Structures are given as C-alpha cells and as structure tokens.
Amino acid sequence: MESLNKYDIRKFLSFEEEYKLNEIRYKGEKIWPIIRYAVYDGILEHQEKAQRAVSSQEISKRPSIFKKLIKLIISLRSLKSLFGQTDILLYNYGRVLDFDGMKDNLLVWTFSEALKENYSITVVDQYGIYPPQKCEVINISEMLSMLGFIASFFTRFTQWPQFEKEVNEKIKGFYDFEIDLRKIYVSNFLYQKLIGKLTDKIIEIKKPKALIYSDTGSFSEIIRNAKSKKVLTIDYQHALQSGQNLLYTHNPVIVNEYTEFLSDYVFTFGKYWDEYFEENYKVISVGSRYQELMVTKTKNIQKEENSIVFISDGEMARKEFERLAMSIAIDMPEIQIYYRLRPDEFLNWKSLYSKEIRNIKNISFIDNNISSLHNTLKKSNYVIGINSTALIEAMPLSNVIIHKKGWYIEMEQFIKKDVVLTSRNSEDIINIIKENKIAKNSLEGIEIFKSNADKNISNSIRDLLYS
C-alpha cells in the first residue's frame, strides 16, 4: 500500500484544468461534477493508494432476486410518508451505531433529536435501516437497488461507451493509464441520477425548506435538484478533514462553472475544521452531539494499566497492523491489546485475520458495539491508528499514536501541532509505551468539537430558515 501525498490532489486539479474536464457533456448535460470524485478514487485505486474498508472479494453474496422483490414490496409501504408537507428532509448514510440504548444513524439521530420540537422531519432512507414505525420514513433503498440493477444491463445501448473512450483518452494522456469507467457508471453515475430523480419528486410533493445530509461523494445530483427548487442544502461533517479530500477541494479556475452542484452550507464539528471548507462553502460550526454524549458517559471510566487499542483501518492496513500488534504482544506480554475492528469487519473478521494473531492471548478483538468505542478509547493508555474519525474522538480521552502509513497524511495537521505521537514501526510504539511518552502539546485552545451541539444546531437552522 502506497502513501497518499499532497501531490496527488494537486496533480488531479491540474489534470481537470488542463484537459478541460468540466466542458465534457453526456447527453448534453454537465457530468464532470457528478463523477470527478469517483474518477479520482479510480485513479488512486489504480496506483494502489485508494482507501478501502473491505475488498470486493470479502463482500458476502448479494440476496436473491426473489428476496430483493420481497424487500422492495415491503419498502413501498413507506411511500405513505410522501403525503403531507415537511420542513426538513434528512438523508441517512450507511453507518449505524449502537449508543444510548439504541441503534441509529448518526446524522439522523443528531438532527432529529435537536430539531424535533420545532420542525417536521422526514427521513429519506437510502440503506433500508429504519423500520417505518421509528419515524416518518421514505425508504428508497430497494427502489434504487432494483432500478440500478436493471439499468446496468443497458449500458451498451447508451452513449456511455463513447464517453468512456473520451475520458479514458484524457486520463491516458495525463496519467499514462486507464481506469474502469463502466464501474463508475453503474456504482456512481447511475446511482446519482436515480436518487436525484427520486429526490426531485419527493421535493415536489413534500415541499421541504431544507435537505440535510453527510456527503460521501454521491449527492451532487441531489444538491443540484434541491438548489434549482430553492431548497436549502446542508452538508454535515461526518469525518476528519485536512484539505486532502477531493470532495471539498476544487480548482479555483473552474469551480465557478459548477457551483450548482455544491452544498449551500457545511455544518462542522468545530471552528478548527472550518478552514477546510470555507473557500467554497458557507460554514457554520455546530459541534458533535455524539461526541458530547460519549465524553459525558465515559467520564468516570478509569484507565486500565498497560492497555492499548488499535483502530482498524480495514483492508489497506490490515497486514501492517497484524505485524505491529503481534510484535508488541510478543515483546510486551504484560500489555493488553484491544484490536477494534471496523463495523464492516465484524461478521467475517476471522476469515480476514491470520490464525496466528487470533491465538495470541493478550490480543482481544472487538467485533461488536456492545461496549461503545468511546469506552475502549477512554480505558486505554494509547490509541493507535492511521486515519479515522475515531482518532479525533480519542484525543480528549487518551494518548493518540498516528502510524505513518497509507492515508496518514490526513492526520498530518495534528502531527505538526505535536498533539499526537507518531510511529513507523513496532519498535517506535514499544518505545513510546515503555517510556510513557505523551504528546508535547495539548488540545487546549483548539476547538475540535464545539460544545452545546443541540443548541447550536437548533439556532443555526432557525436563522437559516427564517432570517
């Protein structure tokens, strides 16, 4: 696995400017703002720099067509929620957490709890994770899946093959290789067009004042449709930012040509993050309701002597972290190592990790959310990872070690501020533990998470909708 660096972003910005990518059209319409993030990811994947959680070989079998049809029929019952107007549409994303005695999507929980007293809210469920009785839900997950599955068979009869050839010629001319653009058509372009059209109809019927979501690179068409109908678009930060995420990084020479695809506002965790958005977006820092809850709930948890936690970075660092954890466990048998798996590893982690590491007694794999991640972060003396929001959440709770591999560049901002420790091998980590090292500087004066998230969210929405 190669390391991402700042040159990759700058090179891509030069590529789209030099080859005038924003001028290309598909069926007479702008397409580059929709697929640019996916194309960049495809380029990184070809260079073995792409960030991946679970490889395609590790994904379990898809359900049968019959089961999909049954799920589609069941999901259609939620269309009754189309009737009646709403103030806010909340778009969930795939991450479901166990916290506060329940399972919920972080964004939906955050905004529904903060706004439910003063606004009518409808959840647009893209992933089929909400039972209808939980809240007012429009479940579009099965419609998206079925329509996308059907449409994918007709790729050859569209203009896409010619478009692929045109774009890959440009990629070849600049990067000296080609990428799989058909995969992008099915997984990104088609998906965005379908969800954009469904959103367009939902907006016509529900007449919301605002759409709130966490953009993961698939909201461009939703944003464009909403803005064309004068509906406010708000993107809530859901991960760390460092200026190395193309989703929020735009070439100043051409960005004004596609502003209709950019969110009106970005709500951030705290003022620290604002600089990574404010060049192209209006930014309001509101905080993290989840972080506030977890810091409060773990307040009385005591440190376990000689315990550390590894935060899995999925496929991209699995072998590296296996070697690190085993080396430390063997060299320091008195150390208890908690290996916190990613949620997408929970079910099949035993097939992903070697028998050797699974048999080491002082390494415990955490493969569920029964005990919250924050409990593990708080009780451990050191938290070791590469690039994860969990590392940011850990900073007020424990000592963080950034392992300088892969996508660690997104944590470089904290490395430069000396508020974290760093490692390049197991010897570095062992040395840190044995010498009880801590970071040179504290987070004092750095507003990573703004306090009073509920109040901030409520006030900000009120000001935006009624000022």
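Residues are numbered from 1 along each chain as its sequence is written. In this predicted model, local features need pLDDT of at least 70 and side-chain atom pairs count only at pLDDT 80 or more, while totals for chains, interfaces and linings use all residues; side-chain values use heavy atoms, without hydrogens and water.

Colleague: Which residues of α1 are buried, and which are exposed?

Modeller: Buried means under 20% relative accessible area and exposed over 50%, with partly exposed in between (1.4 Å probe, protein chains only). D8, I9, F12, L13, F15 and E16 of α1 are buried. The buried residues fall within an arc of 155 degrees seen down the axis, so they line one face of the helix; the arc is taken from the directions from the helix axis to the C-beta atoms. R10 and E18 are exposed on the other side of α1.

Colleague: What makes up the charged, polar and nonpolar parts of the lining of the second largest pocket?

Modeller: Asp, Glu, Lys and Arg count as charged, Ala, Val, Leu, Ile, Met, Phe, Trp, Tyr, Cys and Pro as nonpolar, and the others, Gly among them, as polar. By that rule the lining has seven charged, two polar and seven nonpolar residues. α7 gives the most, with seven residues.

Definitions and conventions:
Helices (H or I, at least four residues) and strands (E, at least two) are DSSP runs, numbered from the N terminus.
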